[in-house]
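Here is a short briefing on one protein structure. Look through the structure first, then read the points by topic.

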Amino acid sequence: MADEQLESNEPDAREGYYKFSRLLVIKDGEAFNIWDSKGRLKMVRGPASLRPYFSEVRKATKYTCGPGKYLKVHYRNGAVEHLRGPQMIWFEETSHDEIEIKDAIKLEANEAVVVYRELREEWAEPADDHDDTLSEKNNPAEQVAIASDTKNRVKRRIVRGPTVFIPAHNEWLHKFSWHGSQNGSKTGSHNDVKVAHAVNFKKIRCMPDHMYYTVREMRTSDDAKLSVHVMIFFVLEDIEKMLDNTNDPPGDFISAAGADIMAFGASRTYEQFLADSNQFGELRSFPILTERMDAIGYRLLKVVYRGYDTSGQLQSMQENAISTRTRLRLEYDQAQQEQLNTQMRLDAEHERATQQQNLEESRKIHQQKLSKLDYEAKLHQKDSNHQQEIKHLKEKNDLELEKLRNINGERLKFLNAMKDMSVDLTQYLVAEVGSKPTQHMLFETTGNVNPHVHLGKGKY
């Protein structure tokens, strides 16, 4: 069975007018309304069996609802009662006028509703309390009354999520009717049109939010007409302050942002506006909007500039100017790039020539060092060879001197021995020298040549 049910009103065979001893059996879970012959009504709930003589019998309607719903019971005396689900009630013809099945209001953690309560002495309800049996709370979400009308005895309170809220019979919700897009969107879209009473709701969001807005027909100081597109980011911080000071916050945002942007454009020429458009991202460019948000319980987070639109003629001129500037800038950049490339080539050639010169210089220095080292090596080798020759000659002379010394020593020993034998050494030496020629000369002739030899004075 579903969590809510309204029993079918299809005819039951047991319904009708009972004259004699016809038996009426009422099953468990059923109820019937019985009117007797005098017009008196009695509701009989099953299980039961009876014989309603001369009576009209009709099956009673049963209303049920599950959790998250409630029954709104309208009595014939004008009273209204809310019964929280799960609930079951029979429709009593004498007391009930209408019974409705309503959905409870489910609030997320960042949502809230504004509830008004009418106070009457005959209802015997405390002025500062509300029926806790009508609200399933996950946290202390419902606030105390923040405003009241003592004359009409009406109080206002804020119910914050997360919770499941069911209003009491003497309560109703505040209905917000704000500016928005024509399609009913609070946020809107780029270049849309904001209209009054486009957004109607009862739940209000207590979290950072944003909206698109276009300021149309803004004129600069040189009379250029523009449409400026922005995105406004904000957060609701004080619901009570908002309720006390405005009934349409987006309408206030639109008016304040439009005033700031109009003032911004009116103080600048078209070219200055384009040059200073980056200032739209700064909050100091929106003093009126910031002040108005503070006054109604909101805080401005930032404003994002999304560009502008203008007339076709001005846009065409602007596009042509942009195209010309872009072309000139590209040509300038191209010429500058060519100059840079030429300069780079010259610098590279100069650097390469310098490196080549340095390389040649290094090669010459290296060759000179090699020649010097070769010359020094040859000189050192020559000195070594000379030293070696001197050493060898000295050794040879030393050997010859030693030989001569040995020969002379032997001759001296020989002569001393002859002297000891009483030989006249003088005569011996003279005879030895005189018996030996000092030189030998050989003359050879061929043919009939008569040689002539002249002997001069000298060693011959």
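Predicted model: local features only at pLDDT ≥ 70, side-chain atom pairs only at ≥ 80, totals over all residues.

Across the whole structure, a search finds 22 salt bridges and zero disulfides. The largest pocket holds about 200 Å³ of space, and the largest cavity about 180 Å³.

**Salt bridges**

- Side chains of opposite charge can pair when their charged atoms come close.
- Glutamate 56 pairs with arginine 58 in a salt bridge, and their closest N and O atoms are 3.0 Å apart. Glutamate 56 is partly exposed, at 32% relative accessibility. Arginine 58 is also partly exposed, with a relative accessible area of 41%.
- Arginine 268 forms a salt bridge with aspartate 276. Here the closest N and O atoms lie 2.9 Å apart. Is arginine 268 buried or exposed? Arginine 268 is buried, because its relative accessible area is 16% and buried means under 20%. Aspartate 276 counts as partly exposed, at 22% relative accessibility.
- Lysine 378 forms a salt bridge with aspartate 374, with 3.4 Å between the closest N and O atoms. Lysine 378 is exposed, with a relative accessible area of 56%. Aspartate 374 is partly exposed, at 39% relative accessibility.
- Some salt bridges share partners, and in this way Arg14, Glu30 and Lys59 are joined into one network.

**The largest pocket**

- Rolling a probe the size of a water molecule over the atoms shows where empty space is left.
- Which residues line the largest pocket? Among them are Tyr70, Lys72, His82, Lys102, Asp103 and Ile105. The lining also includes Pro167, His169, Glu171, Trp172, Leu173 and Lys202.
- Three strands each supply at least two residues of this lining: S9 (69-75), S12 (96-103) and S19 (171-173). S19 gives the most, with three residues.
- By type, the lining of the largest pocket has five nonpolar, two polar and five charged residues.

**Cavities**

- The count comes to two cavities of 30 Å³ or more.
- The lining of the largest cavity has 14 residues. Those nearest its centre are Trp178, Lys186, Asp209, Phe234 and Tyr298.
- Strand S22 (204-205), S23, S24 and helix H2 (249-266) each give two or more residues to the lining of the largest cavity. Which element gives the most? S23 does, with three residues.
- The lining of the largest cavity divides into 10 nonpolar, one polar and three charged residues.

- Strand S23 (residues 209-219) and strand S24 (residues 225-236) run antiparallel, and nine bridges join them.
- Arginine 219 stands opposite lysine 225 in S24.
- Five residues lie between the strands of this hairpin. In the hairpin, aspartate 223 takes a positive phi near 70°.

**Cysteines**

- A disulfide is a covalent bond between the sulfur atoms of two cysteines. The search of the whole structure finds zero disulfides.
- Cysteine 65 is buried, at 4% relative accessibility. Cysteine 206 is partly exposed, with a relative accessible area of 25%.

**Backbone features**

- Where are the cis peptide bonds described here? One joins glycine 46 and proline 47, with omega about 5°. Proline 47 sits in the loop between strand S5 (41-45) and strand S6 (48-50).
- Another cis peptide bond runs from glycine 161 to proline 162, with omega near 5°. Proline 162 is in the loop between strand S17 (154-160) and strand S18 (163-165).
- Phenylalanine 54 is not a glycine, yet has a positive phi of about 50°. Phenylalanine 54 lies in the loop between S6 and strand S7 (55-59). This phenylalanine 54 is partly exposed, with a relative accessible area of 40%.
- Histidine 197 is not a glycine either, and has a positive phi of about 60°. Histidine 197 lies in strand S21 (residues 194-201). Is histidine 197 buried or exposed? Histidine 197 is exposed, because its relative accessible area is 58% and exposed means over 50%.

Note on methods
Residues numbered from 1 in each chain as written. Heavy atoms only, no water. Salt bridge = Lys/Arg side-chain N within 4 Å of Asp/Glu carboxyl O. Buried < 20%, exposed > 50% of the residue type's maximum accessible area, 1.4 Å probe, protein only. 1 Å grid on protein atoms, 1.4 Å probe; cavity = no way out; pocket = protein on both sides within 12 Å on 5 of 7 lines; lining within 4 Å. Points joined across faces, edges and corners; volume = space filled by probe spheres on them. Helix = DSSP H or I, 4+ residues; strand = E, 2+ residues; numbered from the N terminus. Nonpolar A, V, L, I, M, F, W, Y, C, P; charged D, E, K, R; others polar. Disulfide = S-S within 2.5 Å. Pairing = 2+ DSSP bridges.
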